[in-house]
Amino acid sequence: MKRILVVDDDKASCELLREIFAAQGWEAESAQTPEAALALAAREKFDLVVSDINLEAAQSGLDILREMRDRCPVILVTGFGTLDAAVEASREGAWDFVSKPFKVEEVVATARRALERASTVDAGAATPEELSTHYERAGLTGRAPSMIELYKEIARVAPSRSTVLIVGESGTGKELVARSIHKHSPRSSRPFVPVNCGAFTETLLESELFGYVRGSFTGAASDRKGLWEEAEGGTLFLDEVGETSQAMQVKLLRALQEGEIRRVGSTRPVIVDARVVSATNRDLEREVKAGRFREDLFYRLSVVSLRVPSLRERRSDIPLLAERFLRAASENAGRGRLRISEGALNRLVAYDWPGNVRELESAVEYAALHARGAEVAAEDLPSKLQSAEVRQAASRSPLAALYEDLPSLDELERRYLQHVLEATGGNRTRTAEILGIDRRTLYRMAARFQLKLDED
């Protein structure tokens, strides 16, 4: 039987995870402090550790990870944190990451993968799944499963030299993803140079990217480095790369293949070491089939491809983002701390946000300027959120629907009671002792949850 060590400073969370794992036929032990967990691990052998990363103690889940990583896989659980912690945990050897509030099937699937891998590969030598968590300082904010997967991919690709193509709709935060990759790479101390390929004509883009020599065109009074050279040792970010012309694509391909560029008007090659990360809101595979984008350049740019989800695909992140934007907008406007009413949040969640995160930020800033008191009401939102269609969608309480998969307190209590009854073999006296209640209260609880109490 597989044995799992659960570590969480919250007793209820420990018991819930133990119940989840027990239902899969796995044996689970729990500890509420890192010290107790490590003491338990010193006495007994475990096949997997599932630990909260943020523990109210001198040590954290990362300390448990460092102690246990050579013995078995470690899965970290958290409701908040930073991408810095994610990358650190990834480098330290974390197996995977699960965010709170978690779904039972997600926890079970992650644990099963770890146990299956550990049974065939030595856990200490195995390449771990990349850990990630929430990055709330540079704008990459989100706890939806699709964002968690994106964070994992960022942590995975950051240390490499490979090109990365970031795809996603306008306003989803593709440049923030690129900056995160650079920040957590070995090149972080060198320049991050962004170039908006769609903002220049072909001629201007060539001179901006590759530089020029004196006299190469009217106005070229002296030699000038291009942005590709400026990114030496660092990262060059080609935004809107799908907007480039066929002629420019040929020059980009040559620079990527040879690792060198030629300034406009020069025949002398300049070797440049810069990692290239690009982004587009176009479907480049479709562009390739239509003959508008070179297939060989596409493959050069997309050794790794990351997709940034649209905001409507992760509506559960809208309240989190809205609070963050409202806090910033309040400070910029010189107002006191504002809060968002439930009615306003329902409107925000109901709207489809074609402009994604950028559009949401603009709407929240507008609302902050128009709020009459300390609370942003639905009426303070922009006119596009006042339409009959949005109002009707908001009347169905989409905010409440975001959390309908979470168990109620009664459901958690019922599960725990059932777990203790099963653990004691239905012994009423022992069950009451463990729960810290008398037998009369136990009978009332069992009747309320329609659970049958066997004879002692």
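**Helix packing, sheets and cores in a predicted model**

Q: What is the orientation of H19 and H20: roughly parallel or roughly perpendicular to each other?
A: H19 and H20 are roughly perpendicular to each other. In these terms, angles under 35 degrees are roughly parallel, over 145 roughly antiparallel, 65 to 115 roughly perpendicular, and the rest oblique. Helices (H or I, at least four residues) and strands (E, at least two) are DSSP runs, numbered from the N terminus.

Q: What kind of model is this?
A: This is a predicted model, in which local features need pLDDT of at least 70 and side-chain atom pairs count only at pLDDT 80 or more, while totals for chains, interfaces and linings use all residues. Residues are numbered from 1 along each chain as its sequence is written, and side-chain values use heavy atoms, with hydrogens and water left out.

Q: Back to the helices: at what angle do the axes of H19 and H20 cross?
A: The axes of H19 (residues 428-435) and H20 (residues 439-448) cross at roughly 95° and come within 9 Å. Axes are lines fitted to C-alpha atoms, for helices over the stretch in contact, and angles run from 0 to 180 degrees between N-to-C directions.

Q: Which residues in H19 and H20 meet?
A: From H19, Arg428, Thr429, Thr431, Ala432 and Leu435 meet Arg439, Leu442 and Tyr443 of H20. Contact means heavy atoms within 4.5 Å. By class, the contact of H19 with H20 has four nonpolar, two polar and two charged residues. Ala, Val, Leu, Ile, Met, Phe, Trp, Tyr, Cys and Pro count as nonpolar, Asp, Glu, Lys and Arg as charged, and the others, Gly among them, as polar.

Q: New topic, the open sheet: what order do the five strands have?
A: The order is E7-E10-E13-E6-E14, with parallel pairing. Two strands pair if DSSP finds at least two bridges between them. E7 and E14 stand at the edges with a single partner strand each, so one side of each is left without a neighbour in the sheet. On average, neighbouring strands of this sheet are turned by 20° against each other, direction ignored.

Q: How many bridges join E6 to E13?
A: Four bridges join E6 to E13 (residues 275-280), and four also join E6 to E14 (residues 304-307). Leu165 stands opposite Ser278 in E13 and opposite Ser305 in E14.

Q: Which residues cover the faces of E6?
A: Val164 and Ile166 lie on one side of E6, Leu165 and Val167 on the other, and all are buried. Buried means under 20% relative accessible area, exposed over 50%, and partly exposed in between (1.4 Å probe, protein chains only). In a regular strand the side chains alternate between the two faces of the sheet.

Q: Which residues touch the most other members of the largest nonpolar core?
A: Of its 30 residues, these are Leu209, Trp228, Leu236, Leu238 and Leu252. A nonpolar core is a set of buried Ala, Val, Leu, Ile, Met, Phe, Trp, Tyr and Cys residues joined through side-chain atoms within 4.5 Å. Several elements each supply at least two residues of this core, including helix H8 (202-210) and helix H10 (246-258). H10 gives the most, with five residues. Apart from this core lies another, of 27 residues, among them Ala329 and Tyr351.

Q: Why is strand E3 largely enclosed?
A: Five of the five residues of E3 (residues 48-52) are buried, so E3 is largely enclosed by the rest of the structure. Four bridges join E1 (residues 3-7) to E3 in parallel, and four join E3 to E4 (residues 74-78), also parallel.

Q: One last topic: what is phi of Ser397?
A: Phi of Ser397 is near 50°, a positive value in a residue other than glycine. Most residues other than glycine have a negative phi. Ser397 lies in the loop between helix H16 (388-394) and helix H17 (398-401), and at 32% relative accessibility Ser397 counts as partly exposed. Gln450 has a positive phi near 55°, lies in the segment after H20 and, at 74% relative accessibility, counts as exposed.
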